[in-house]
Amino acid sequence: MKKIFTTALLVITALALASCDLDLYPETSYNERNVNVEEETGNQYTTRADMEGLRNALYNSWMKDIQEKDICDWLIYTEVHADNAYCGSPSTGEILAIQQNTQDSDNKNIKRDWDWYLGQVSNANQIICNIDDIAAADNSMTDDEHKKWKSEALIWRAYILFKMSCIWGDVPVVTTIPPAITAENIEEVYGEYFPARKPIDEVYDRIIEDLEYAAANAPEVNPANKMLLSKAVANGLLARVYAEKTRRDWDKVADYCDRVEAAGFSLVDNYGDLWGYNDDDAFRNSTESILEVTWTKSSGNWVWMMFHRNAYNPNDSFSWSKWVTPSRDLIAAYDAEGDTERKNASIIFDKCNWSTYYPADDYAFMHKIPTNASSWIIMRLGEIYLLHAEALFEKGDVAGATFYVNKIRTRAGLANLASVTMDDILKERRLELAFEGFRFYDLVRHNKAIEVCNAVDDNDEYWGTREDLDERSLLMPISQTAIDNNPSLIQNEGY
Amino acid sequence: MKKVLAFLVFMISGITVYAQITVHGQVTDKDGLPVIGLTVLESGTRNGVVTDADGNYSITVRGSDPVLEFSSLGYETVTERVAGRALINVIIAESALQLDAVVAIGYGSVRKRDLTTAVSTVDTEDIRLRPVTEASGFIQGKVAGVQVTQTSGLPGSGMTVRIRGASSIASSNDPLYVVDGVPLGTGNYAIAYLSPNDIETMQILKDASSAAIYGSRAANGVVLITTKRGSKGSGPKVDFNSYVGLASVTRTYDVLNAAQYKELMDETGYVNLPDGLTDNTNWFDEAYRTGVNQNYQIGISNADDKNNYYIGLGYNNEEGIIRVAYNKRLNFKASFETKLYDYLTAGTNINYSHYRNNGIISGTGSNRAGVVLSVINTPTYAKIWDESNPDWYWTQFYGANLTTPAENIARTEHNFEETDRLIGSVYAQLNFGRHLYFKSTVSMDRRWVHSYYFLDPIHTSYGRTQHGEAADSRSDDRRMIYDNILNFNKSFAGKHNLEVMAGTSATTSLWQNLSGSRNYFSPNYNNVIFGINGGNKGGLRGQSQGYSKWAIMSYLGRIAYNYNRKYYATVNFRADGSSKLAPGHKWGYFPSASIAWRISSEPFMADIDWISDLKIRAGWGQQGNQSGLGDYAWVQEYGINYYDWTNPTYAEAVPTLGGKTNIGNKELTWETTTQSNVGIDLQTLGGKLNFTLDAYYKYTSNMLMNVPLQAPYPPIYRNEGEMSNWGLELAINSVNFDRNGFTWMTDFNISLNRNRLEKLALQQVYYFATTSEALSENIVRMVPGKPLSCFWGLKATGVNPETGMVIYEDSNKDGKVNTSDKQYIGDANPDFIWGMTNNFSYKGLSLSILITSSIGNDIYNASRIEMVGMYNGSNQIVDVLNRWRVPGQLTDMPKSGELYNLKASTRWVEDGSFVKIKNITLSYDFSGKWLKKARISKIQPYLTLDNMITFTRYSGYDPEMSQWSSATNMGIDWGTYPNVKTFTFGVNVGF
């Protein structure tokens, strides 16, 4: 009996004190246990290898992520909100609203764009804010790499901020990485995660400062790889920036256009070659391209399905009425000019199963992403020439402007013009750069947006009930969710 | 050392002199018939025997002044002081009340009369008479304060159980299920394996003082289930139970025929249809069928003085009303207990269940293959198979973005989840004398899940785009639970009853999985290879692996004291440490206390005859909730950047460190719910009319939430908010009639709960729940000061007869109708819920009617947007024939083809109040002498009607349905699998 009690009591004590290990860490992911993390900032990027990884991510994922936000949604703002295209499917409220100019702060696409652009700024900041310290501490990073990688990130950030300022006007400008949030500091630090909008002037200050550094330090142009944020890209963006109303300086525009032109680009012979493809692969890295996002046939883009077909797999995903449909006004503009080469490269007519805007056996589609291997050209020489023409015209040099416009017209197989007006230049930009993301903001900066957009639905019932544009609806609303969560954000007027 | 031990032994036994008497006698009822299987217990000890088949018992008592208790389920307890007698015969009276029933509470059990807390017992008598496949189904309508909703009719989906309102946002609001003392987790995931046939009793611990003993997992209440064991009183038993049921959809809709559809399309211009289309297919008939449910269960049990065992085996097959939905379950249970020595009892419980279920695409519109909505949206001219490609489902919709229900159903034809669940426990109980015992239990809860998905490359358009796909995932979830409990129970001087319990509990969990996928399948040979091996492309990185662990360590204790069963006090304490919390914050402490006073035992109450028992009780306690925590919730984690190795630049690439995927939180701690409860138990008229009334207040602090930060920063998981719930519950049981063999009993319960989000620290506004793709608006808005699941939108006040457009209220009077005019337009929480069960029996025939009801809850009928929206090429229901067409027309159906009319508004909010005659069961119990000759103790055939009659104004399939069961988005009908009405015939046979 006593032995039983002894052993029993010992067993009880032993079992009662036995416990399990409560210190467990993840074993299938990177976490603070297995990665070297800086205490103060909680920053996990501390070596050259980290920076190289981020630079790879810039080209490999950040730039390729533009498909939904910076191609699809951007084209709605520039082509559908203007006069180049109808929204492809009037059953989709978000894009119909922008076509009718009835967009409001609940618009899902506007919200996702806001979030994505801010996300890209933060991505770029991970490089920009860390690279100086790493260069000083880690000897394996060369000075060349330091300057180039920093410039590439600066160009990306400036590109994003510029896009944001076009859409919303005043936008937050975040140039630092906010301190790591911990439970202790969250109440103080929380505000830093919700920055207020800066006046558009300050936004431009930031863009210009970043691009000027990059113009001096970015990589040189590489003819074999145009998916590179090079000096020419920086110069081209500066030219675009100085053309906007906020900082208008036509001298600078002309100057930066010159610098881009001096970097060795040339127009391709046939307009259609820019988006060309053969049985094996699509064409990329043309001599005219200054910046493009490239894909391979095996690992291609998906954005082709938003516009027409994938020539390499024609029956895939061809069952719904697409994202944007070319407008009668644009087709009429091409026809009036006798411009078949550019019309055929931009618009394709095809048979389909729906007849929302055109008869089903002769439906119009946007044609500038014909395959899943096709590149998306962000900047090319043709656009720079026309921007140059704008600058020269505004400075009073009509002959110079005409010269550049004629370069473009000749390449498109059209007759030269004797002398150009601003309307001619704008028309040339429209036909040359259709569906490349320029139309609406071209009209805005020359104060023609209201007039042109309000006129386009007068004779074309396919636009539906379009609300008239006015000064306030040149900008998009800030999304309601962003405002609900960030009291320092003020909505744009009129929304 | 030995002297100390000896001293301890003496202390424990507590008596210096013992006398020993053997008492025997017979127990009979008021008709003189012997009572079999009645327990005779020496008070204050665990020394007890059971009466045999003639009602005789014999017990040896040792106490100095022993008292014998004679008790059994359904009888009033009689106590007799031995006072030296060797023969004590007892006449025992039946009681309609079950005050003496033994009720399981956490880590122990107590008689119902001694409860100081809010514990409700679920009547499990009718488990064998109703075709409910999941244990949670039985609770519906039977327990005050517990809201059980069948949110979807999908076989195997179980029900959503809410005990006293929702107290959590990020964590689950389901109660903890504990089966035979082993905590199994929350929600359907935990309990889907259990065949209801194996359930003996079910208790619901509702308030803090009862549930707090489960500490960190008990904030939503605990459902305690004990499964069947052999019983000496009943002798050897073989039970066979089976049923066959027919299930059908609760309602159908009339849709536009081909001519009316063409007229609508011509009006809106969405689709250009040719003339002469005919009505070819009734999609309701094609998609829905009568589902056949079958259930076969066998149970074998026996017990004698030393051993008892129970073996159960069963098979259940529930076919859905939509072809590809089903749930099949095979279950096996074996429990065995033996008394090796007087002081050592050991036993084992093994449960194995294998079940497989397959579902449909739901929660989305017909443009994304949602089955339920496509039944309405597919025009009648379409046929099942395509005319130009006979292997394809119909594709010609003239441009409308639709797929037929036949195709949408085929999309998930091979999309099943197969689970093998093995729960085994072994226990040993060491008795030290008659007052102290130590019980150690080791349990293993092992779950293997195999998820499989295959879509062939031909029949469906999605399959053609993907060129076929297959995915396969296997996971293994292994949990071990170690419980050690020391329990001391003694009665001093016959009046002071003390129970002390102390123990430890440790739980470890390891989950691993491996999954792979492929696409590009060959269409030749009729898709003979329908697994991963048939696919040529494996994705850039086609396999992935998961591995995670967690552990909880607990210390618990309870002291329960009562003075003469009149004054009660209980104190519980539990300390839990969890690996999911940050270092320094891993431990949480959950105390609770309760007191009770049996007023009816006081001398001043002795004259009041009509009150048989009156007890008031009050309790307070704290519980935690850890179900919302990820396994490594506080750790800062980073992403992994992978590279496309088909691109020559990255042929040699290796993964690099990515950005932060969360913001680590070193202060992460338990979500704590503090609850106070006051209750009254009143039994009157000799137990024929009983009331239980409870009032409670729950306050949850440190509520866990995922707080988003401004894009692009990842969210931070932190203890962010506070929520409160208060409510009232009333349960009434009555025996209305009991004469001449005819009895009528009623159980009624009614409860109300008011939920409110009290505080949020950082982000003050949250939006949830998007539905229709027409406008993709969030329809739920959560802010402090309002309850969860409140709908947010515009107020629609009618259709403008001039324009046919919906008129929305311009609530801020700024001349425009836009987002700033939105307001709260509905609340999914009911004003109150009630349930009533009426049982009628006459001789062997019995009829039981269960009514469940919820009053005051709103439903957002998002499915209706797809039925009457008229905003694309979909077919609509005949309600749209009333649409506005000419100026001046007065109607409530607006003009077609306008997205403006579909904004989130009161147009889609409906009153979801309902009264359901949820269950009607008619059974006849054949028993009697001629059956006994055939050695059959019972044959009981029965007929059950489930969910047949519903009184509601809701226009959808069923007012209980909700696409999401999370507390923040209740009450939204969005293409959800409909609930069914069932007609079942079954038979229970006992040998």
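In which sense do strand β45 and strand β46 of chain B pair, and over how many bridges? Keep that in mind for a moment while I say hello, everyone. One caution before we look: what you see on the screen is a predicted model.

So, the answer. β45, residues 858-861 of chain B, pairs with β46(B) in the antiparallel sense, and there are 3 bridges between them. One of the residues involved is Y860(B), whose bridge partner in β46(B) is V909(B).

As background, nonpolar side chains in soluble globular proteins tend to be buried together.

Over to chain A, then. Chain A has 18 helices and 7 strands. Its C-alpha atoms fill a box of roughly 115 × 55 × 50 Å along the principal axes. Of the 495 residues in chain A, 62% are buried. Find helix α5 of chain A, residues 108-137: α5(A) packs against α6(A) at an angle of about 155°, and the axes are 9 Å apart. That angle makes the two helices, α5(A) and α6(A), roughly antiparallel. Their crossing is left-handed.

Strand β5 of chain B, residues 67-71, is mostly covered, as 4 of its 5 residues are buried. On one pairing, β2 (residues 39-42) of chain B runs antiparallel to β5(B), joined by 4 bridges, and V40(B) has F70(B) as its bridge partner. On another, β5(B) and β6 (residues 78-81) of chain B are antiparallel, also over 4 bridges, with V67(B) partnered by R81(B).

The other region is an open sheet of 5 strands in chain B, in the order β10-β15-β16-β13-β14, with mixed pairing. Why is one side of β10(B) and of β14(B) left without a neighbour in the sheet? Because β10 (119-122) and β14 (182-186) of chain B stand at the edges, each has a single partner strand. Neighbouring strands of this sheet are turned by 25° against each other on average, ignoring direction. For β14(B), the partner is β13 (residues 176-179) of chain B, antiparallel over 4 bridges, where L176(B) is paired with T186(B).

Last stop: a loop. T151(B) is found between β11 (146-149) and β12 (160-163) of chain B. Is T151(B) buried or exposed? Its relative accessibility is 9%, so T151(B) counts as buried, the cut-off being under 20%. Beyond its close sequence neighbours, within four places, T151(B) is in contact with several residues, among them T160(B), E960(B), S965(B) and N979(B).

Note on methods:
Residues numbered from 1 in each chain as written. Chains lettered and ligands numbered in written order. Predicted model: local features only at pLDDT ≥ 70, side-chain atom pairs only at ≥ 80, totals over all residues. Heavy atoms only, no water. Pairing = 2+ DSSP bridges. Axes fitted to C-alpha atoms, helices over the stretch in contact; angles between N-to-C directions. Parallel < 35°, antiparallel > 145°, perpendicular 65-115°, else oblique. Left-handed = near helix turned anticlockwise from the far one by under 90°. Buried < 20%, exposed > 50% of the residue type's maximum accessible area, 1.4 Å probe, protein only. Contact = heavy atoms within 4.5 Å.
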